[in-house]
Amino acid sequence: MAYSDKVLDHYENPRNVGSLDKNDPNVGTGMVGAPACGDVMKLMIKVNDSGIIEDAKFKTYGCGSAIASSSLVTEWLKGKTIDEAYAIKNSAIAEELALPPVKIHCSVLAEDAIKAAVADIKAKQLAKETA
Amino acid sequence: MSERQPIYLDYSATTPVDPRVAEKMIPFITEHFGNPASRSHPFGWTAEKAVEIAREEVAKLVGADPREIVWTSGATESNNLAIKGAANFYAATKGKHILTIATEHKAVIDTVRELERVGFTATYLQPEPNGLVDLAKFKAAIQPDTVLASVMLVNNEIGVIQDIEALGNICRENNVVFHVDAAQATGKVAINLEKLPVDLMSFSAHKTYGPKGVGALYVRRKPRIRIEAQMHGGGHERGMRSGTLATHQIVGMGEAFRIAREEMEFENARIRKLRDKLLHGLQTIEETYVNGDLEHRIPHNLNISFNYVEGESLIMAVKDIAVSSGSACTSASLEPSYVLRALGRNDELAHSSIRFSIGRFTTEADVDYTIELMKSKIGKLRELSPLWEMFKDGIDLSKVQWAAH
């Protein structure tokens, strides 16, 4: 399979690999996928009090395109508001990485991971307000 | 690291032609070009003589009579000829059931499936988790109408060696024709068909340092086994396989099998040392699983799964070595190896498997390089893997509720 240069670059030099403190009230975690399907992505975002994403980390079990998709979104997320993050579409990820049709699901999974992380941080914020 | 040529560790896929073999072949392309079936002039006689010397060499390696060797285009054709040929010949007197093993090569599985399509029935027996066939289960799977059984001597993916003698005896007791695919076995395990209760055996040249495009089928004479020809024409090879013989290919196979006979003992000892070094090196990596029995196994093969690492990213990581993987990397629907699935390996482990196969030209430096490469790449991919992190945190991944997609 021929990978685009951007996929290879993210695969060889993945950005923002790692984890944040999942118990931190300002950290949202999204974990999507399943081992049996060959992809699991874990995305963590840290949001400051003004609702801006300060930091993003990922870990991905999956093919090169899945690793590249998650690495790319961690770059994109930093500095965005959570609403801007929520609006990121898989098509933008697929286009940026020039993913072939059989790898589009990797970009879908990355979008799902963002949405799951945002949902988690919103749930945490809601819990904080109602506490 | 990336400036190096990939190291070839895929000898079970194919082997290079030994230079001594190539040298023997060349005159039969240019100079001695005669048709071995031409009986009326020296061009034909020279070619025929070379073909018969090669036939003797193939027969000698496996303890057969040269008259029991039929030339084919390779093991796939040999398997087709043996299975279809014998099943069709004996169906009327014995029955239409075929017994084979779920981990056979596709050239056997698909041939049996084709026979199912034309009215035969078949059993694809599951091997034990170590890849070996349980003799009692094999015996129990034989039916009164079982006409033929087919079991490979050495498995192509996991290298395990089946107990052909015991399986053959069970077939004899039940009057079942016994075919053995030995494509992966020649030059690796000793074969003596004088003693082995085997009726038909398939061989390939290119797995044993001979050229691609040639193979042979052993057809027992005493007691005589009959097969229906699948290729019709000039009646070559005693009518069992028509078609002008590929003299140069056949000469190559003969020379390759001669070298195998003379050198296999020494060569296998050397290869075993290399394989054991590779095994011990890779076993220092946590959460690795050898697929298939280690004892009943050719020394050339190591099939190993690296847990918590996804198969396709693994193959991307090891592009500096030429190996084969259980996962079909080019399609969206990753299909794990059916052989590993038949051993009961879960999808993740089946996906993250690599088959290393070592051969005549593998060096100790190749093995050292491979061990270091695997250690560093597996380490890197696990750093990236959320599953590895969860495993390290003591989470039982089988109990996690995954959002399947």
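**Entry 1: a single pair to start**

I began in chain B, where B:Ser204 has B:Gly215 in S8(B) as its bridge partner. S8(B) and S7(B) are antiparallel and joined by five bridges. For my own record, strands are DSSP runs of E with at least two residues, helices are runs of H or I with at least four, and both are numbered from the N terminus. Two strands pair if DSSP finds at least two bridges between them.

**Entry 2: ground rules**

I am working with a predicted model, in which local features need pLDDT of at least 70 and side-chain atom pairs count only at pLDDT 80 or more, while totals for chains, interfaces and linings use all residues. Residues are numbered from 1 along each chain as its sequence is written, and chains are lettered from A and ligands numbered from 1 in the order in which they are written.

**Entry 3: the sheet around S8(B)**

Which order do the seven strands of this open sheet follow? I read S2-S8-S7-S6-S5-S3-S4 in chain B, with mixed pairing. Strand S2 (69-72) and strand S4 (121-125) of chain B are at the edges with a single partner strand each, so one side of each lacks a neighbour in the sheet. From one strand to the next, the twist averages 20° (axes are lines fitted to C-alpha atoms, for helices over the stretch in contact, and angles between N-to-C directions run from 0 to 180 degrees).

I then checked some neighbours. S2(B) pairs with S8(B) in the antiparallel sense over four bridges, and B:Ile69 stands opposite B:Tyr218 there. Strand S6 (residues 177-181) and strand S7 (residues 200-204) of chain B run parallel, joined by three bridges. In that pair B:His179 stands opposite B:Leu200.

Is strand S8 (residues 215-219) of chain B buried or exposed? Five of its five residues are buried, so the strand is largely enclosed by the rest of the structure. I used this cut-off: buried means 20 or more other C-beta atoms within 10 Å of a residue's own, exposed means 12 or fewer, partly exposed lies in between, and C-beta atoms are placed from the backbone. B:Gly215, B:Leu217 and B:Val219 point one way from S8(B), B:Ala216 and B:Tyr218 point the other way, and all are buried.

**Entry 4: two helices of chain B**

Next I looked at helix H3 (residues 42-61) and helix H8 (residues 247-283) of chain B, which pack at an angle of about 35° with their axes 8 Å apart. Their crossing is left-handed (the near helix is turned anticlockwise from the far one by less than a right angle; clockwise would be right-handed). The contact has twelve nonpolar, two polar and four charged residues. Here Ala, Val, Leu, Ile, Met, Phe, Trp, Tyr, Cys and Pro count as nonpolar, Asp, Glu, Lys and Arg as charged, and the others, Gly among them, as polar.

**Entry 5: chain B as a whole**

I noted 13 helices and 13 strands in chain B. Its C-alpha atoms fill a box of roughly 75 × 50 × 35 Å along the principal axes. Of its 405 residues, 50% are buried.

**Entry 6: over to chain A**

Chain A has five helices and three strands, running α-β-β-β-α-α-α-α from the N terminus on. Its radius of gyration is 14 Å, close to the 14 Å of the globule rule for 131 residues, so chain A is as compact as a globular protein of that length (the radius is taken over C-alpha atoms, and the rule is 2.2 Å times the number of residues to the power 0.38). Buried residues come to 47% of the 131.

The three strands make an open sheet in the order S1-S2-S3, with antiparallel pairing. S1 and S3 of chain A are the edge strands, pairing on one side only. Eight bridges join S2(A) to S3(A), and A:Val47 stands opposite A:Ile53 in S3(A). Helix H5 (residues 104-130) of chain A lies across S1 and S2, at about 145° to S1(A).

**Entry 7: where the chains touch**

How many residues of chain A are in contact with chain B? I have 24 of chain A against 24 of chain B, contact being C-beta atoms, placed from the backbone, within 7 Å. S1(A) gives the most to chain A's side, with four residues. That side divides into 16 nonpolar, six polar and two charged residues.

Technical notes:
Contact = placed C-beta atoms within 7 Å.
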